[in-house]
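Colleague: Can you put the model up? I'd like to walk through it with you.

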Amino acid sequence: MASKSSTSGSEIRVGVDVGGTNTDVILVTDEDEFTFKTPSTADPSESTITGIVEVCRHAGIDPGAVDQILHGTTVATNALIEHEGARTGLLTTKGFRDVLHIGRHRKPHSFSLQQTIPWQEHPIVERRHRKEVTERVYPPGDVITPLDEDEVLEHAGELVDDGVESIAVCYLHSYLNRDHEDRTKELLQEEFPDVSVSTSSDVVAQFREFERFTTTAINARLEPVLSTYLNRLSNGLADEGFDAEVLIMQSNGGMASVRNVAERPVTTLVSGPAAGVLSAEFEGNHVDEPNLVMLDMGGTSADISVIPGRVLERDPRDSTVGGYPTITPMLDIETIGAGGGSIAWFDDAMGFNVGPKSAGADPGPACYARGNDRPTTTDAQVVLGRIDPDSFLGGDLDLEPERSREALQTKLCDRTDQAQFETPEKAALAALEVANTNMYRAIREQTVQRGYDPREYTMVAFGGAGPMHGASIAEKLDVSTVLVPPSPGIASARGLLTGNVKYDYQQTVSSRLEEVDGAFVDEAFERLEDRGREQLARDEIDSSKWTFRSSVDCLYDGQGYELNIDFDGTDGDWHARLREQFEAKHEAEYGHYFEDDPVELLNVRVTAIGDVQSYAPPEIPATGDLSAAQTTESTVVFGTADDPEEMTVPRYDRAKLAAEHVIGGPAVIDEFDSTVVVNPGWEATIGENGSIKLRTESDK
Amino acid sequence: MTENPHETNRTEATDDERAETTAADVLRERDIDPVTMQVIGGELDTIAQEMGYKLIRSSYSSIIRESEDMGAGIFTTDCRELCESDSTPMHVGSLIGYLDGMYETFEERGVDREDVINEGDVFIHNHPHYGASHSPDIAVAVPIFYEGEHIAWAANTAHHLDIGSATPGLAIDLEDMYAEGSLFRATKVYEEGERVDGIWDFIEDNVRTPREVIGDLQAQISSCNVGKDRYLDLVEKYGLEEIQHAGEALMDYAEALLRNEIRTIPDGTYYAEDYLDDDGRNRDVPLKIAAEVTVDGSDITVDMSKSADQTPTGYNIPFHGSTDVCIYFTIRSLLMDTFVRDEYLPQNSGTFAPVHPKARPGCMFNPTPPTSAFARINQVDKMSDLIIKALADAIPERVCAGTCGQVYFVSYGGTNDAGEYWVYLEVNEGSYGGRPGADGLDAVDALVHNTKNRPVEDIELSHPMRLERYGLREDGHGAGRTRGGHGIVRESRFLTDAVMTMEGDGNSYRPHGLFGGGEGTHGDLQHIKADGEVLDLHSKESGYKFEADDRVLIKTASGGGYGDPHERPADTVYEDYLDGLVSATDARDEYGVVIEDGTLDTAATAELRGE
């Protein structure tokens, strides 16, 4: 990598993001950009390779000339959600075999007698494969019972005899003292070299055993799956003549080498969505807007993320995937059930709902005519005239708009026993209002509740449906600017090109702040940075491109939820300084702080970053007459369900728009994989890189 | 102190005409469009969730921050609930009782509400005979004013580590309510924005863990202030009238949804009874507990009057805030199971309207002052279990077989070298009985509570205790077509001298089976002394002493079976055998499944089962 990134001027890089429906590919050279979309295949390495091969062919580039392939993958995520993976065993502290089964003893549903619980219904490790080992560590890290090595080997032998391919080693308090886990791993690797081993202190050295054990067991279960996939991918690419370096997007928004990711599949669980966040961040930075709200709305769901100057990580205690807690660092992305396929429906008591039921991409909206006759938000957009049925997906998919109208009419207007809408248009406006409100609320939870004022934010809207809804949601939030990147349907693939290599390290300290010695903290940071340096060197990234970010987690002694604070060193009265920063954050987050209560320093954290990205979007020409880009005029309905407003609006072909073109709303901009709706009162300006900036007229 | 003032109102509100009204009719009468209702309903829900989130995140005691034993919401000025956070169900709706109790207090004191409730006030309240769920659950209530008018309440409750009762943390063998510790009735801790120092000093001087209690009260106040600000934002945005109108419509809507479901149960009176262990003082005197459920059209009445008289100890259940809340919970879980259904049922007072809790004054579910009513969680668990049992024949597809019907709620405490108290409250989870479509849940906080356990690593970092064992019980479950869930076994060692108050039950009864399923296992408690001597403990112990290196062993009940065990697929029984949850002997005796030398014998099984 070092040699190639030094010649970044002529670098050829490919980003490939595998989604549930489509595999999106983007290839960039220093002059050009090429995109390609292909349906995802059951074995995702097939569509990944097909996509890369096709985009190269399209660009006229020889496979051997590609320098870097950046990949967003859902292989690990799908395996977890579909309860697949290797037969996995667990070695754990004697007396604690069922930590994985009991969890936090809380039911997911408070009001339900019939519910099932993910970790009980589909255990990551079956009880018969959970074995107890005599050993015990007790705070502050003392070994009070030595490790019984014979027992380790005996149990591991039983597991291997029963077909176990991967073993998770999870001992209590290993975040304070990892010796027993390390020794167990060593023994297993000596005796059973074919078995993969994940230790909890390696995967995520944080206290709270259920969450740490589960994360580790998931890692163990997925390791053989992801390794096999990555091997297949590497071999397939080699067969096609590629020798590019392959980097994988992790949940934390950083790229990692294939070798590293193969051992840490649990760090890829939100790989694709994380690339979307990077894409939003890139778009914003490109136009000097640091405070951003991402809205990535696809067929079944919308991903929302707030970027207050930099991407945020999720509180590990709120992180779950497929119902299982996973506490490795992941970007803060909230997914809600609002997408182009979300169904509008009346319940038995006349409550009007949009989602979470979804027709997805298959059978899809009623207008796809593939067997769904219930109205979706896409059908609402069709009836309101915003989606042009003839140019949808470049005309690849024939829409039947009369089916949209019929679905709205029969399900939302004709039912005599319930409240009804007078016309399909009114029903469509109502459905969009409810869907938009759901997204608006989710964004508000991520901003207002955490002390961020959305009025100071710019929205970045993408995904197939995001650019249709962006301005309407922005109006609710008092957000005055919405950015729509070029080809919004493949924004996540583009985001891959903007990612840096990134690794997270942390160490639990768990001491009263005033009792912590500065030298001790310096040493802890140094040790974590060393691990980062080692890893970045192993990835062959030039040391001039390394940066390290230091932070600490603090809380009042006795609390249970820590706050993360950037750390600015141990010079001067750092105790007092850190305390002040902590109090300020506590007040911002919760509305109060305590002047006299003791503060605990819980963790020190280091993020090691290798700057490998060199993406500069190609500029589009600033020439041409706007009228040449206009394709037609059509009737589009705006307004509210109470007061629909039919308007005749111009439609433009985005591909023909030039930089600095300005389009006053109402208008519609059509493109291959999306539709941009310019609401009345809004104005669209085309940027030099082809992105569209929507602004309310009051803010021009 | 009046008896159940709201019960009468609720009954009157449900005449025949109302019962026949459909949800659609109600909303048409309200003349509110479905979009506005959905939008404002969502806004209210968001406010309640944020109040809960802020409280949990910034609190000190593990019973709030880890176990989430709290609730928060917005209420009308006539004490009806507009929204509530999704927290442990025992709190859902209980705040209505607190606010009623505050109003009753004002009335008794002869003060006008208009005079006593002012902008900037913060009230605390926890009196068990004035609407509190029980006294350790202290409510904080902040009045919301708009243009000088009191328009709503932001309020929350949270379980506090200690309120200065006779024994640290929890208490059972109490003479009367005065022994519960500190009782507050509509006490102002802020008056028109000014901190009332005297009351804060009083709290600091009268509880064993002042830093936690004061820190948690402060977190409760911040949470209420957030609720107040957000509600005012909503009023600014939509207008007061629109919000109040939507609030009424949402309550009507929730009520209509529930009434639709009650109508599906055949009219009639259903009954179930059982016995609790004892009252914590008079050993071996079991207490009768009886649930009579009457379904009449779209109304359902649950009458607990045939249960035992109130006890002379703290083992009683406040009618408002506990008896009623648990009845609402049980009916809602049976009829509006959120796992099965996907419409959105807003949480508000409408969900209580068609449900009518009853208990004669003087019975343990409606104690009269000055009786103590501190310890009530086991009784409401068992009540919930009996309501489900009573309705089993009427709605077999919606019930489950006997749940644990008990919980070992424990406080451990002691003092450190500096003489400062540590107190740790532990909820020992139970299990569910078999269900129509699935086995009973293993090791979960059952029924009306839904707390989280505290991580073993967190306990050991904080207190002089060491866990020796925490896992599933392996000594049996109620056999059935679907089996009962497994309770837990938990063994804790004390590293210093310590004192325990155990609020438990169910050492003497087993969860019932249904439709041919077998009974589950009862709970067990033991004290294992450092020298190995084993003492059996009662399900209730007040201020029980341990010495350093002693252990306490807790086994919670495993649930009852649902349906004929012989109908359980032999493969499934064999899976349980491989997982150590059924022995080869029990497989043969209870399930008719033959396992020889670790292998399933299909032919012998078929023969034994007479197939």
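Modeller: First, a term: helices (H or I, at least four residues) and strands (E, at least two) are DSSP runs, numbered from the N terminus. This is a predicted model, where local features need pLDDT of at least 70, side-chain atom pairs count only at pLDDT 80 or more, and totals for chains, interfaces and linings use all residues. Residues are numbered from 1 along each chain as its sequence is written, while chains are lettered from A and ligands numbered from 1 in the order in which they are written.

Colleague: How much helix and strand is there over residues 519-694 of chain A?

Modeller: That stretch is 23% helix and 39% strand. Its end C-alpha atoms are 52 Å apart. UniProt, in an unreviewed entry, lists it as "domain: Acetophenone carboxylase-like C-terminal". UniProt positions are in the numbering used here, feature names are shortened, and annotations may be inferred rather than shown by experiment.

Colleague: And residues 13-191 of chain A? What does UniProt call them?

Modeller: The annotation, also from an unreviewed entry, is "domain: Hydantoinase/oxoprolinase N-terminal". Here the chain is 32% helix and 26% strand. The end C-alpha atoms are 42 Å apart.

Colleague: New topic. In what order do the 8 strands of the open sheet in chain A come?

Modeller: The order is β17-β14-β13-β20-β21-β32-β31-β28, with mixed pairing. Two strands pair if DSSP finds at least two bridges between them.

Colleague: Which strands stand at the edges?

Modeller: β17 (334-336) and β28 (662-664) of chain A do. Each has a single partner strand, so one side of each is left without a neighbour in the sheet. From one strand to the next, the twist averages 20°.

Colleague: How many bridges join β14 to β17 in chain A?

Modeller: There are 3, and the two strands run antiparallel. One bridge pairs Ala302(A) with Ile336(A).

Colleague: Which strands does helix α14 of chain A lie across?

Modeller: Helix α14 (residues 424-446) lies across β13, β14 and β17 of chain A, at about 30° to β14(A). Helix α11 (residues 271-286) of chain A lies across β13, β14, β20 and β21, at about 45° to β14(A). For those angles, axes are lines fitted to C-alpha atoms, for helices over the stretch in contact, and angles run from 0 to 180 degrees between N-to-C directions.

Colleague: How many residues of chain A are in contact with chain B?

Modeller: 61 residues of chain A are in contact with 72 residues of chain B. Contact means that the C-beta atoms, placed from the backbone, lie within 7 Å.

Colleague: Which element gives the largest share on the chain A side?

Modeller: α14(A), with 7 residues.

Colleague: Now the backbone. Is the peptide bond from Gly355(A) to Pro356(A) cis or trans?

Modeller: It is cis, with omega near -5°. Pro356(A) is in strand β19 of chain A. The bond from Pro369(B) to Pro370(B) is cis too, with omega near 5°.

Colleague: What is the phi of Glu147(B)?

Modeller: About 50°, positive although Glu147(B) is not a glycine. Glu147(B) lies in the loop between β4 and β5 of chain B.

Colleague: Buried or exposed?

Modeller: Glu147(B) is exposed, with 7 other C-beta atoms within 10 Å. The cut-offs: buried if 20 or more other C-beta atoms lie within 10 Å of its own, exposed if 12 or fewer, partly exposed in between, with C-beta atoms placed from the backbone. Glu660(A) has a positive phi of about 75°. Glu660(A) is partly exposed, with 14 such atoms within 10 Å.

Note on methods
Contact = placed C-beta atoms within 7 Å.
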